[in-house]
Each structure stands twice: as structure tokens, then as C-alpha cells.
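The sequence and structure come before the discussion.

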Amino acid sequence: DALKNNDLVDSKTTIYELKKIFTDDKNFKPLVWTGNISDLYYFIILIHNEFQTVESIKPYHWQVTCNCFIKPDGTSFEPTQLKSQKLPKQNAEMIKKVASLLN
């Protein structure tokens, strides 16, 4: 709910859809990421590296992220776009709080 309540994923996203992304279920549809691309970058850094909420899949974590999340216009993110991002200035604390809830 925190991802939806903080306008990071589309408000129509169900908990069921969200859980499928974070499990081993290969039968999922990508979630619409409505936050900034730097927010997605930081969210993945936190759940993958810092909190280790998800299994480490380096160096493929950016490709997996692009498979799991799409832009609001339906297009895909590119791994090179994601890995070149910097920490968000505005939403860093909120993103960290949201990511910590998945732990």
C-alpha cells in the first residue's frame, strides 16, 4: 500500500499484482511506476543492496527491474537509464521508509 499511497506505482495496482513481482512467480505483468526514474533507482538500490529484501541478482538487477516496472505511457525503462541515475533529492526519505516496509 505504501507504494500506491506515495504515488510510486499506479493507484490501480493490486496487492496481488505487487506480490507477484516480489515472488518467484514468472506469471506477472509489469507494474506501472508513476514515481520519478530516480525514485525507482533508489528503491531498487535499497531493496536489493541495502535491505537485501530481494535475492541478489547482480549484475542483472537493472534488467530485472526493467522487466518488472514500466513507465506510465506503457514503454519500458532501459537498464542504462536506471543505472546512471542519482539518489533522488526530494523523495529519498520517503523511498527509504517505503522500502523498509518490505523488509
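Is Lys-96 buried, partly exposed or exposed? Lys-96 is partly exposed, with a relative accessible area of 29%.

The model is predicted, so local features need pLDDT of at least 70 and side-chain atom pairs count only at pLDDT 80 or more, while totals for chains, interfaces and linings use all residues. Residues are numbered from 1 along each chain as its sequence is written, and side-chain values use heavy atoms, with hydrogens and water left out.

## Salt bridges

Side chains of opposite charge can pair when their charged atoms come close. A salt bridge is counted here when a side-chain nitrogen of Lys or Arg lies within 4 Å of a carboxyl oxygen of Asp or Glu. Searching the whole structure gives three of them, listed below.

| Glu-17 | Lys-29 | 3.1 Å |

Helices and strands are DSSP runs numbered from the N terminus: helices are H or I with at least four residues, and strands are E with at least two. For the salt bridge between Glu-17 and Lys-29, Glu-17 sits in helix α2 (residues 15–21) and Lys-29 in the loop between α2 and β1 (31–32), so the pair ties together parts that are twelve residues apart in sequence. Glu-17 is buried at 19% relative accessible area, whereas Lys-29 is exposed at 52%.

Glu-50 is partly exposed, with a relative accessible area of 43%.

## Cysteines

A disulfide is a covalent bond between the sulfur atoms of two cysteines. In this model a disulfide is a pair of cysteine sulfur atoms within 2.5 Å, and the count by this rule is zero. Cys-66 is in no disulfide, and its nearest cysteine sulfur, in Cys-68, is 9.3 Å away. For Cys-68, the closest cysteine sulfur is that of Cys-66, and the separation is too far for a bond. Both residues are buried: Cys-66 has 6% relative accessibility and Cys-68 has 8%.

## Nonpolar core

In soluble globular proteins, nonpolar side chains tend to be buried together. A nonpolar core is a set of buried Ala, Val, Leu, Ile, Met, Phe, Trp, Tyr and Cys residues joined through side-chain atoms within 4.5 Å. The largest such core has 27 residues, and those touching the most other members are Leu-3, Trp-33, Leu-40, Phe-43, Ile-44, Phe-69 and Phe-77. Two or more residues each come from α1 (2–5), α2, α3, α4 (61–68) and α6. Helix α3 gives the largest share, eight residues.

Contact means heavy atoms within 4.5 Å. Leaving aside residues up to four places away in sequence, Ile-44 touches Asn-49, His-61, Trp-62, Thr-65 and Phe-69.

## Prolines and backbone

Which residues does Pro-88 touch, not counting residues up to four places away in sequence? They are Ser-38, Asp-39 and Tyr-42. Pro-88 lies in the loop between α5 (79–83) and α6 and is buried, with a relative accessible area of 7%. The C-alpha atoms of Pro-88 and Phe-43 are separated by 10.0 Å, and these residues are 45 apart along the chain.

Pro-59, in the loop between α3 and α4, is joined to Lys-58 by a cis peptide bond with omega of about 5°. The loop between α3 and α4 also holds Gln-52, which has a positive phi of about 50° although it is not a glycine. Gln-52 is exposed at 60% relative accessibility.

Asp-7, likewise not a glycine, has a positive phi of about 55°. Asp-7 is in the loop between α1 and α2 and is exposed, with a relative accessible area of 56%.

Conventions: Buried means under 20% relative accessible area, exposed over 50%, partly exposed in between (1.4 Å probe, protein chains only).
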